[in-house]
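Please keep the sequence and the 3D view at hand while reading.

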Amino acid sequence: MKKYILHILIVAGIIAGTSSCKGFLDTTPTDSVVAETAMSNLFDAGVVVNGLYTDIKYYTYYGRDLIYMGDMRADNLYPRVIGGQSATIYTLEYESEANTYFGLWTNFYTTLMRANTLLENIEKLEVESASDVATKNDYHGQALAVRAFVYHDIARLYGYPYLKDNGASLGAVILTSPASPSEAKIPRSTVAETYAQALADLDAALPLLSKSKNTGHFNYWAARLLQARIMLYKGDYAGAYTAATDVINNSPYSLVSNANYLDYWGHEGQDETVLELIVTNQGDIDNDGGFIAMFHHLWFNDLNAAASIIPTKKWRDLFANTPNDVRAQMIQYDDPATGVKKTGEYWLNKFPGNKDRGYTFRRNNPHIFRITEAYLIAAEAGLETGATAAASNYLNAVRKRADPTAANVTATLALVQTERQKEFIGEGHRFFDVMRRGGTITRNMATDEHDYAGSSQYKASFSWDYEKVVLPISNNERVSYPELQQNPGYKN
Amino acid sequence: MKKILLIALALLSCNIAFAQTRVTGKVTSSADGSPIPFASVVVKGTMTGVATLENGDYVLDNVASDAVLVVSSIGFVDQQIPVNGRAKINVSLAPDTEALDEIMVVAYGTVKKGSYSGSAAVVKDDAIKDAPVVSFEQVLAGKAPGVQVASYSGQPGSEVQINIRGFGSFNAGNQPLYVIDGVPATSGDWSSGNISTSAMNFLNPSDVESITILKDAAAASLYGSRASNGVILITTKKGKAGRMTSTFKASAGFSYFAYNNYPLATDSETEELHRQAWYNYGTDNPSVWKNYGSLDSYVSAKVEENYPSKDESKYIYKDWEKVLFHTGIAQNYEYSISGGTDKSKIYASVGYTDQQGVVRIDYLRRFSTTINLDFNVSKRLKVGGSVQYSWQYQDGHQDGWASKDNPFFIWKVVLTERWPYAYKSDGSLYLEPMNPNFSTTNPIASYDAQVNDAWQNRLIMKGWAEYAFTDYLKLKSIVNSDWLYVHDRFGWLYGHPNFYAYSDIGGYMSDRHRNINRMVSSTTLNFNKSFGDHNIGAMVGWEAEKEHYTMTRVGKIDFSYMGATESIFGANFQDGYSYSRDDRLLSFLSSLNYDYASKYYLTGTYRRDGSSRLAKKSRWGDFWSVSGSWRFSNEDFMSNVTWLNDGKIRASYGTSGTLPSDYFGYMSVYEYDIYGDAGASYPANLANSDLTWEKNKNWNIGLDATLFERVTFSAEYFNKKTTDLLLDATVPSTTGFSSTLTNIGSMSNTGFEFAVNVDIIKKKDLNLSVGFNWASLNNKVLSLSEEGETIVSTPYVWKEGYSFYQYRTREYLGINPENGKPQYAEGSWYEKGEIVDQDVIMRDGTVVPEGSAMPADGYNYTPTTRNNASNIILEGRTAIPKGYGGFNVDLGWKGFSFSMSWAYKYGHYIWDEGVEQLENDGYKSYGQNIAASQVDTWSETNKNATVARRIVGNSQGGYYYSSRYLKKGDYLRLKNLTLSYNLPKTFVQKMNIQNARIYLSGANLLTFSGLNIDPEIQASGYYYYNTPALRTVSLGLEVTL
């Protein structure tokens, strides 16, 4: 009998021994990194810096939605078929109750949180060698530049144009460090304060940033061009001119040639590109790549109604008298006579996909800053500050790059605007370019069957006085933060 | 496996050589002299034994003349009879009066039902064995009060959701804990996202002996941090001492949709409705038809473009229902053996199930086997073990809104009668998308071009030992390994309309391998002793649980080889990763029972749990319960009340918990990603180091009685309050996150439960009994993180004072008969006494003019357009039923037995996403189907219509969420019906067969409901084109040798 007791004791002892040892209840994740150790050296800090960009390229930001906001709300592009989210943006029929197309707001603050977290932790990194210090400073500068970039986007989407009321309207909720839920509930600042924050961040960032090319990342020149853009929006033309010409004269970037212009869009790290975001097919980031092939006539080899947007007749007509303009060659007629799955539409064939990575039209790197923008900012700011001759040179450089047969012109604000409209289609500029100067956007529905926005229900023409030129704060956002101020004209 | 079986069989046939004789005799009941079949006659202290035959006779060879026979049978008192050299020994067993008190399996042990003071329901194998189901869970519908059961989908093997006494959690799950033979098991949803599968599918329902559903704290608290949603205890079949029996069972059946789902408008009605939509659109927007000359030619062109007329000369048209669906055939084969002696017992079975679904590609195959062994090594030591293994393969399709993969969605929404099936010229399939909203193509072509399947392998191995120090002190140890391996695949191959979804070269194939290994070890010490009228039971023990989960996923694209079905053919990675996770739980448990003279019972339980899912400082939690009952029928003063056979009042109070479903929610982590050619990482969560479990306080009172030896009933009331609810509390986006897991809020579930069973006729050859049960549920959110907070989870809203499944949307007020436009309640909220800033019409019609005070709280019901209408909380419209339950009828006459069980549910609303596509007032007028309910449209000549003026892209219509998505969910359904016939003994015994039975069994045979979609919808009320429930009829044969 004692034998059995012994047996049981042995069995029980083994069981107890295998499972009740100290630390039995301590487990750690294997599919994520515990925060305390996530940025403990310079190498890891570089990985965290990369994390600043992953959401900016996402389709709810520069991958798609910001392009929609910049081009489709204006007169450059429209959705091919009635219905769906893109139609709502085109007709400015969005409401505060819906949240689907306002991933933008959450995306802005996700990126700001990442930048703020990095800024808080980067100071704790101890480095010694000069090159390590430079790298650390560059990381620091990138976080500041990303923050400035996002604040400017918030201001131009959620606030009225600066020049309408000198920035008196509501802008961003300004946070400069990681915030707990209660700390994050602060009121929106004005547009002027938001601009001030962005410019202050850039002032701090510029001395820290490296001046070398760094594809997919902010460097000194990208930050400088951002500074030029913000100053232009703000009406600080002298500042914009200085910044833009600095980039033109001193940076390693240069205009792509006419011959290479069409091919340029399919390549990474070109001298034309001051800042692009890298889209790859790795890592479950977004299956569809940056641009969800929204310009392509065959979306996933299917005629797809909702996903496709096409250039307006108004935009196509900009080239009616300049057939040699290389940009006119981006218009592609999808001739039904040539085969099945042809739509009889004109498509914008600007973004062929990143060929350097072997991708097709489905994966394009969003082009955030191009050296061309520096030229056109310099032209516009030059005109505003009386440097007409220089302005004409900058404008003509862009015009003749596009059409070598074009004659030189004396720059005017209208010509600069038209050039911007031709040049930046699909890059999210047109709406802001008209609005920031108090212009009026007019759609020519009468000329085009697809332009249903001309029907009685929708506004055909609007300026910065129309309340829907700023986006509503989504109701979902205001459920957890009811004090967050809504923009005028939207239902609370 | 085979070896174990052989050893077991060898053990059973062991004999001991001795001075031996043959003993024969008959075992009868002392009550009425009737023979007792299957009684066990065993030579004491040996493994020699037999079971009596149907007529009570037994023959036992080689019995020593000085041996002692032990004769036993369930429901009778055991007898020990010295042989004393006799050759014929007849035994008369006295019925065990205590046996009325059936033994039931409860947490960490068994009790006599009469002494139990918790709330639990038992479902026996009789109710399960003949049902044509994959999992026993499907049979539980309507069987026990307070238990809601719903299948996720009608695909075979789909997950079954069980909710016990309402909903106690926001996001840590509302599924009960499953315990198999005393060991917590891996359970629940193991779907891949594309095919629904349940971990419980592994268990062959025929291997189930009984199910106990633990409902209140007294019953469940011993399971501590996992007991809040109730516990389902599964007891599998064990060998019984006695003659070895073997049973063969086979059945075959047919299934098809149980309900007329979404009746559609006819072809001509559909064309007319599309015409109306384009006509009205053109009328309102003359600019759109300027290029067409006239409105009429515009309308004709648009209708023809979107709903082309048939061209029989060119195309072949078919009835899509017949093309896509078929009558599924279900087959089931089982073989089991059971038997043993007083020293060793075995139960073993093998089973094979093959079930086809209605969709031509849906089917499930399962092979299962189990072996259960017990040995009495000595008087004091018992050991045992079991092995359960099951292999399952499921082939199916994506459920829900999948315009290229879900045949049910495609059939109902996309495929019109005018969609060609094939070309007449060469018979090849028509593969062009016809509907510009959906690039759906002929689903028959894509059936072969998609991969949607899942394998499940599960192996549960258990060993246990029990040592009795004395007859009242026992130590038991269990070690159990539960391994589940799920491999699922999802792919779009050549020919599938989504072939190019991920790349230009085309094709997508993803494999997932998930392994979960759960080791459980427990040791308990039991004390059980009576001191006169005082009976004391006590238990202390501990349990350790270790779970290791691994997952590997590989997704590949660019399939250049046409016949490729495996990812090895893919040229490029779409995705590939693996990771693992560990979860641990360490527990100490104890219980104490006391009863006095079978009149007064008192029980207390206590468990302490430590979990790896919580931070060090908060990981230990205590859970306890106390309960008592008074069996007043055993009081002396009741002895004259002959009509009352048994009566008991019971009450319990206790606590339990729910762990966070997130393993590492308490720590702040960084997620890893890719940017360009390098890594990227960023903070992934807003950590909450104070995270703790949800706490449940639960009380229950009940009354059980048996009257006139015929009527048993039980009535109870429960009140379950959950606090520290885990919630992804919405945080301002300005934090950079959308939510953080927090213990906030509280919720209550209260309800009454009532069950009655009446044996109307109890005769030897005829018996009839009926049972009925009903339960109510009142579910209420008591508080959220902040007072007055509203958490919107469309279409639901969580708000203090409202139910967990409270709907919130615009209120649809019908159409305006003047212009046919849909109207919605304006929806502004006014409090009583508030001076209104506009004219307000209250819900009851009271008009409150601008500037006057509101007479009561309420929303403004003034009709307006959709975009001016606010979402409002639709008070009283929730997914929570007012009442639910079932009833059953059992009839036995000679060899026939008939039983049916019904389930019902009423007073709840379902949210039908079908409205968006099928009842949208013309929003989608691109040649898709339209529900039959949409025919009565408004026009100048039909102003009393029920449906709005149809218009293309109708921005006011049913496409947008409103109360039109809510439908009354009431239903009554004949869940199961079984008719069974035992072939006459005289006939079968000639063939050396103990028993032979044929049976006809049906599921979901009749349904009564006002819905236009199958009413059996998951407890949340949310319906999204999942394959509806099936009606199954099956015929079976069972032979026992």
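## Helix 2 against helix 6 in chain A

In this predicted model, helix 2 of chain A and helix 6 of chain A are roughly parallel to each other, because the angle between them, about 25 degrees, falls under the 35 degrees taken as the limit for that description. Helix 2 spans residues 42–50 and helix 6 spans residues 130–158, and their axes lie 10 Å apart. The crossing of helix 2 of chain A past helix 6 of chain A is left-handed.

From helix 2 of chain A, the residues A:L42, A:A45, A:G46 and A:V49 take part in this contact, and they meet A:D132, A:T135, A:K136, A:Y139 and A:Q142 of helix 6 of chain A.

## Buried residues of helix 2

Helix 2 of chain A has A:A45, A:G46, A:V47, A:V48, A:V49 and A:N50 as its buried residues. These buried residues pack against helix 5 (103–122) and helix 6 of chain A, and also against strand 32 (669–675) and strand 33 (678–683) of chain B.

## Chain A as a whole

Chain A contains 17 helices and nine strands, and 51% of its 492 residues count as buried. Among the contacts in chain A with a separation of 6 or more, 65% are between residues 24 or more positions apart.

A:Y481 lies in the segment that comes after helix 17 (475–480) of chain A. With 19 other C-beta atoms within 10 Å, A:Y481 is partly exposed, because a residue needs 20 or more to be buried and 12 or fewer to be exposed.

When neighbours within four places in sequence are left aside, A:Y481 is in contact with A:K185 and B:P732. The C-alpha atom of A:Y481 is separated by 45 Å from that of A:G358, a residue 123 residues apart from A:Y481 along the chain.

## A four-stranded sheet in chain B

Chain B holds an open sheet of four strands in the order 41-42-43-51, with antiparallel pairing. Strand 41 (790–793) and strand 51 (872–878) of chain B each have a single partner strand and stand at the edges, so one side of each has no neighbour in the sheet. Ignoring direction, neighbouring strands of this sheet are turned against each other by 40 degrees on average.

Strand 41 of chain B runs antiparallel to strand 42 (residues 796–799) of chain B, and four bridges join the two. B:S793 has B:Y796, in strand 42 of chain B, as its bridge partner.

Key:
Residues are numbered from 1 along each chain as its sequence is written. Chains are lettered from A and ligands numbered from 1 in the order in which they are written. This is a predicted model: local features need pLDDT of at least 70, side-chain atom pairs count only at pLDDT 80 or more; totals for chains, interfaces and linings use all residues. Axes are lines fitted to C-alpha atoms, for helices over the stretch in contact, and angles run from 0 to 180 degrees between N-to-C directions. Angles under 35 degrees count as roughly parallel, over 145 as roughly antiparallel, 65 to 115 as roughly perpendicular and the rest as oblique. A crossing is left-handed if the near helix is turned anticlockwise from the far one by less than a right angle, and right-handed if clockwise. Two residues are in contact if their C-beta atoms, placed from the backbone, lie within 7 Å. Two strands pair if DSSP finds at least two bridges between them.
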